[in-house]
Amino acid sequence: MKALRLFLQIVGAATVLGMIALAGLLFWAAQWLDVNEPPQNGDYIVPLAGDPHRLFKAAELYKKGYAPTVTLSRAKLYPPSRLDKLEIKLGAPSYGPYEFEHKVLESQGVPAASIEEFGNGHISTVEEAEALKRHLQNKKATLLLVTSPYHARRAKMIFQDIMPEANILVSVPPEGSFKKCWWQDQQSAQNIVMELVKTAHYLLGGAFRSKQSGQLP
């Protein structure tokens with residue numbers, strides 16, 4: 001009975017300490033996830049696929065002269081949904097593959113000659129980093145990676161792991177910033193919880209892969 005009591009006490013103490021550690025992690029999660037580094041002169045500005053607001057930040061960096069080229073990510077394109085088809089039918093503009101991203105950048109002052117593309121249908125940040133590594137052919141370069149605040153920590157982690165030869169600096173647009181008390185804001189809470197899960201998934205060796213984009217040898 002003594003041994004059982006001691007065992008239960010140890011389990012109880014470990015549980016309490018675990019809960020305290022988890023509470024601390026969640027409290028500081030927003031600060032830990034949000035990486036926004038001072039930009040430096042580099043070789044490429046790379047707005048990652050996803051939130052189009054990243055394109056505005058990429059254009060801002062380009063116009064300030066931080067890098068001569070904006071390198072667009074050719075992520076997987078999905079068939080138009082019923083809503084997409086209806087919007088086009090009702091008069092919304094229809095764009096070719098990746099045409100919208102080019103139009104946004106050009107509307108913000110990035111000339112077409114300064115825009116290039118990389119990748120072929122990747123579906124995850126891991127594949128995106130691998131595609132960029134292939135595109136640059138292991139070149140030692142300074143990359144101004146542009147992504148959303150909630151995605152910044154994981155993106156930097158992944159790109160540093162896959163492209164150790166590159167200098168990775170992360171910049172974020174204001175859109176998607178966390179509220180101070182993030183647990184009281186629905187969007188901030190959803191983004192943070194999902195990103196913590198995705199980060200844990202990556203640290204445990206997980207990565208979603210498509211059939212088209214391939215994998216580094």
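## Salt bridges

The side chains of Arg-74 and Glu-117 meet in a salt bridge, with N and O 3.7 Å apart; the term denotes a side-chain nitrogen of Lys or Arg within 4 Å of a carboxyl oxygen of Asp or Glu. This pair links distant parts of the chain, since Arg-74 lies in strand S2 and Glu-117 in strand S3, 43 residues apart. Arg-74 is partly exposed at a relative accessible area of 30%, and Glu-117 is partly exposed at 25%. Here, buried means under 20% relative accessible area, exposed means over 50%, and partly exposed lies in between (1.4 Å probe, protein chains only). The model is predicted: local features need pLDDT of at least 70, side-chain atom pairs count only at pLDDT 80 or more, and totals for chains, interfaces and linings use all residues. Residues are numbered from 1 along each chain as its sequence is written, and side-chain values use heavy atoms, with hydrogens and water left out.

By this rule the count comes to eight salt bridges. One of them joins Lys-133 to Glu-165, with the closest N and O atoms 2.9 Å apart. Lys-133 belongs to helix H6, whereas Glu-165 sits in the loop between helix H7 (152-162) and S5, 32 residues apart. Both Lys-133 and Glu-165 are buried. Another salt bridge is formed by Glu-195 and Arg-154, whose closest N and O atoms are 2.3 Å apart. Glu-195 lies in helix H8 (residues 186-203) and Arg-154 in helix H7, so the pair ties together parts that are 41 residues apart in sequence. Glu-195 is buried at 2% relative accessible area, and Arg-154 is buried at 10%. Salt bridges that share partners also join Lys-57, Glu-60 and Lys-64 into one network.

## Overall architecture

The chain has eight helices and five strands. These are DSSP runs numbered from the N terminus: helices are H or I of at least four residues, and strands are E of at least two. From the N terminus on, the elements run α-α-β-α-β-α-α-β-α-β-α-β-α. Of the 217 residues, 40% are buried. Among contacts (heavy atoms within 4.5 Å) with a separation of 6 or more, 79% are between residues 24 or more positions apart.

## Helix H3 and its surroundings

In helix H3 (residues 53-63), the residues Arg-54, Leu-55, Lys-57, Ala-58, Ala-59, Leu-61 and Tyr-62 are buried. What covers them includes strands S1 (44-47), S2 (70-75), S4 (142-146) and S5 (167-171), as well as helix H5 (99-107). H3 is followed by Gly-65, which has a positive phi near 85°.

Thr-142, in strand S4, is buried at 16% relative accessible area. Leaving aside neighbours within four places in sequence, Thr-142 is in contact with Asn-41, Gly-42, Asp-43, Tyr-44, Asn-167 and Leu-169. Ile-168, in strand S5, is buried at 3%.

## Aromatic pair

Rings of Phe, Tyr and Trp (its six-membered ring) pair if their centres lie within 6.5 Å; planes under 30 degrees apart count as stacked, over 60 as edge-to-face and the rest as tilted. By this rule the count comes to one aromatic pair. The ring centres of Tyr-95 and Phe-100 are 5.6 Å apart and their planes stand at 55°, so the pair is tilted. Tyr-95 is partly exposed at 38% relative accessibility, and Phe-100 is partly exposed at 36%.
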